[in-house]
Amino acid sequence: MTVTSSEFTTLHSPTWCPGCGNFGIWLALKEAFARIGVGPSDGLVVYGVGCHGNMYDWMKMYGFVGLHGRTLPVAQGAKLANHTLPIVVVSGDGDGLGEGGNHFLHAAKRNPDLTVMLHDNQLYSLTTGQASPTAKPGFKTKSTPDGVFDAPINPLVLSIASGATFVARAFAGDTPGLIALMVEAINHKGFALLDIMQPCVTFDKEHTYDWYRQRLYKLETEGYVPDNKMKAIEKAMEWGDKIPYGIFYKEQRPTSEDHEPALVSGPLSKQPVGTINLDDVLNEFI
Amino acid sequence: MKESVTWKIGGEAGFGIMSAGTMLSKAFSRIGYHVLTTNEYPSLIRGGLNIITTRLSSQYFESLNKEVNIVVALGKPLIELHKDEFSEGAYIVFDPKDYEWKASDFPKPVVLIPVPLTDIVTQFKGPPVMRNTIAIGASVALLGAPLDSFSEVIKDQFKGKKQAIIDGNIAIAKAGYDYIKEKFGKETAMNLTPATKIEPHLILNASEAVGLGAVKAGLKFAAIYPMTPINALITFLADHAEKLGIVYKQPEDEISGINMALGASTMGVRSMVATSGGGFALMVEAVALAGMTETPVVIDIGMRVGPATGMPTWTEQGELQFVIHSGHGEFARAILAPSDAAEAYEMTIEAFNIADQYQIPVFILTDKYMNESQWCAPLSLFKKEAVIDRGKVVKENELPADGSFKRFRLDVADGVSPRSFPGMKNGVYYANAYEHDEVGHVMDSSAGRIAMATKRMKKFDSMKKDVRPPTVYGDKDADLTFVSWGSSRGPVIDAMTILKGKGISSRLVHYTWMYPFPTAETTQLLGNAKRIIGVEQNSMGQLAALIRENTGIEIKEKILKFDGRPFFPEDIAEKVSGV
């Protein structure tokens, strides 16, 4: 059945600041779902808390708007309960790597069939612009008036090292490229991370669209092949005058759902309730 | 001969002592005795003194008593540290290779039963851990039962292992049994009177009972981070996951566990978590999430001694007020507190139904004493058909095609709106942690907030029809009323029997449904009571506070215990008659 991106329209209008990188991500996500043929009833999006998380209001699709940082546990539970349904996590660098850092590591290592769209702008923008875990040293924010001192978390390196099986960087200002990466990430069977560079036009006058455009280059133009962990980590460490984007690492590994014998006969959510025969189990206790 | 015998085995952790209690319990339950086994141990894997206490009786009883009639010492510490507790005339089974105990070492007269456990093990070329098998064989002889009862349990315990291993264990158990028959054949004081129980019983702890109740109720998903005292539930679910078609997932922490359960529940799957107080402290924010998103979830809390890490392997009833008040904001919940394994099974099924019917978090308050004691519960209870009520769930083909479905519709008298599950055509909604409108879109208007919050809070009223009133035990017209909840029931009931023997009549008003609180029933039962004594395993009298909050009735007399050890009925009776 064909799906068009207009099917995801709601009566709510975006409340993001004009020019926010979130617009590009939102438009690309609707288009990516349409291209894959996933309509509003055919999947679940789990949102965190942050500017990114407000997306659900103008995204007509089953949504779980969870607590700050807790998207991945909700998504993993949902996936294990109905593994035939596509589940996408819309999270941010503060939500997913600050409050949700431990969940991020463990989700990557389990390799559930989930796709994380990580809105990465180095800021907590919903709370008016404090430094996030990915903020680079020297970055002046409301919580770091003298510039960030801590080393930044690198979501690509972290996820590759933790066991993610699809790791890519995208740019909110390149809609066609973003759509293509989203389609590939959602179609990937396993834990897919899309670290999306997203300018915050209100609280960050430094990392603008132009700033990114001057630095970003596509990995494939170098003939890079994303099949080697060590090379991927090395490449993912590159940050400065030139910033690579595209797919850093990709592998096929059984998912956490593949590992569950109970799911062989179909999703848990489709199994009957209350018809179980416990006689054998009861005998163990006599 | 004795109607009831209490047997105690103790030794260093790693001596196989934990399984010894289960095996003895099964052996005697199978031949018709009522049994109850509890353990005491420090939070260590090796070393430290592990103690198992089993009470065996030809008559039904509710709790362990203070008597200790047969002591099996695997090593010196059990006797060194606990000899003051041994009853007059107790049989002391020990290996002279550990220490040559003399009758004069004991404060009360005892009967020494030296058994060369180490020599027998050497003779059979077995590992040292088999000393406990010999000791159980010897104990079966002292209790006057046939060895067959124990041999059959060995066969089942080692099912799937090589025949030589099974035969070896039976042979070494027989050596212990024969040694007693030969050398101490005249020691028949601890022979049990003939058994009276007819139907088969399960020997299980409350964690296993919760697990059985959950799968009976249709549990499909559990995410439980390891924590004493609910680890047996993890073992049960993980061991049976394939057979029962369920998923048990070990999360990275309790925060993740409960969020996973809420994710699974949103998809339409019955889900649960379990933890103790400390782990629950981490879950608290998601309890509020369940309240706001109206997502059913069952939370089993095995209470142990707090605060903080406390005494992790000891029991307490310290989390009642914590659980009542857990979670930011106001929302409905239900809290059940079973008294033993049988009730834990029944109330777990009930918990899943209540969770679905009202789309709320439902708590099962268990404790270390229940979760790690082996209870005797009739098989017929577990064979009964379970009533399953999934509450209001829409049918996919009945969802309006125009997309007008409202997951959180306000026009519901009971506050419960029908659920759709992701994947259902035309059922789109948002399970939203923010305050929301009928579809789940964020909303902060005054009228909208009042309407939605009021809808959710209606559940408290709707639940009134399900609230279980407290159960009354004993003499309904007695002047003396005990008030207890959860696992304190057993010792109080046995204390009442002791008091009756002394001519003191009493009744017990016992709570298993803690919240929403049965206010009217409590006022009726306690309003005119002459003397009320609250019995709780905490230092503040948390149920007494709840009763006062809801009814104004003040319970002035309290018997409180917070040393981590369960009540003994003798102590309760003494405190009452001594006043």
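Colleague: How many Å apart do the C-alpha centres of domain 3 and domain 4 of chain B lie?
Modeller: This is a predicted model. Chain B is divided into domain 1 (4-198), domain 2 (203-376), domain 3 (392-466) and domain 4 (471-578). Take the C-alpha centres of domain 3 and domain 4 of chain B: their separation is 41 Å.

Colleague: In what order do the five strands of the open sheet in chain B stand?
Modeller: β17 (471-474) and β22 (557-560) of chain B each pair on one side only. The pairing in the sheet is mixed. From one strand to the next, the twist averages 25 degrees. The order is β17-β19-β18-β21-β22.

Colleague: Do β17(B) and β19(B) run parallel or antiparallel?
Modeller: Strand β19 of chain B covers residues 506-511, and four bridges join it to β17(B). T471(B) stands opposite H510(B) in β19(B). The two strands run antiparallel.

Colleague: Which helix packs on that sheet?
Modeller: It touches β17, β18 (480-485), β19 and β21 (531-536) of chain B. Its direction makes about 175 degrees with that of β19(B). The helix spans residues 489-501 of chain B and is α16.

Colleague: Are α16(B) and α19(B) roughly parallel or oblique?
Modeller: Helix α19 of chain B covers residues 569-578, and its axis lies 8 Å from that of α16(B). The packing angle is about 55 degrees. Angles under 35 degrees count as roughly parallel. At this angle, therefore, α16(B) and α19(B) are oblique.

Colleague: How many nonpolar residues are in the contact of α16(B) with α19(B)?
Modeller: On α16(B), the residues are P491(B), V492(B), D494(B), A495(B), I498(B) and L499(B). They meet P569(B), E570(B), I572(B), A573(B), V576(B) and S577(B) in α19(B). One residue of the contact is polar and two are charged; the nonpolar ones number nine.

Colleague: Why are α1(B) and α4(B) called roughly parallel?
Modeller: α1 (residues 17-30) and α4 (residues 131-142) of chain B have axes 10 Å apart. Angles under 35 degrees count as roughly parallel. The angle between these two helices is about 30 degrees. α1(B) and α4(B) are therefore roughly parallel.

Colleague: Which residues of α4(B) meet α1(B)?
Modeller: From α1(B) come I17(B), A20(B), M23(B), L24(B) and A27(B). The contact has seven nonpolar, two polar and no charged residues. In α4(B), the partners are N132(B), I136(B), S139(B) and V140(B).

Colleague: Turn to chain A. Is the crossing of α5(A) and α8(A) left-handed or right-handed?
Modeller: The axes of α5 (residues 155-162) and α8 (residues 229-236) of chain A come within 8 Å. They cross at roughly 165 degrees, which makes the helices roughly antiparallel. The crossing is left-handed.

Colleague: Which helix gives the most to the side of chain B that touches chain A?
Modeller: In this interface, 60 residues of chain B are in contact with 42 residues of chain A. The chain B side has 36 nonpolar, 13 polar and 11 charged residues. The top contributor, with nine residues, covers 254-266 of chain B and is α9.

Colleague: Which residue of β16(B) stands opposite G63(A)?
Modeller: Here strands from two chains are joined. Three bridges link β2 (residues 63-65) of chain A to β16 (residues 430-432) of chain B. The strands run parallel. Opposite G63(A) stands Y430(B).

Key. Residues numbered from 1 in each chain as written. Chains lettered and ligands numbered in written order. Predicted model: local features only at pLDDT ≥ 70, side-chain atom pairs only at ≥ 80, totals over all residues. Axes fitted to C-alpha atoms, helices over the stretch in contact; angles between N-to-C directions. Parallel < 35°, antiparallel > 145°, perpendicular 65-115°, else oblique. Contact = placed C-beta atoms within 7 Å. Nonpolar A, V, L, I, M, F, W, Y, C, P; charged D, E, K, R; others polar. Pairing = 2+ DSSP bridges. Domains from an automatic or database assignment. Left-handed = near helix turned anticlockwise from the far one by under 90°.
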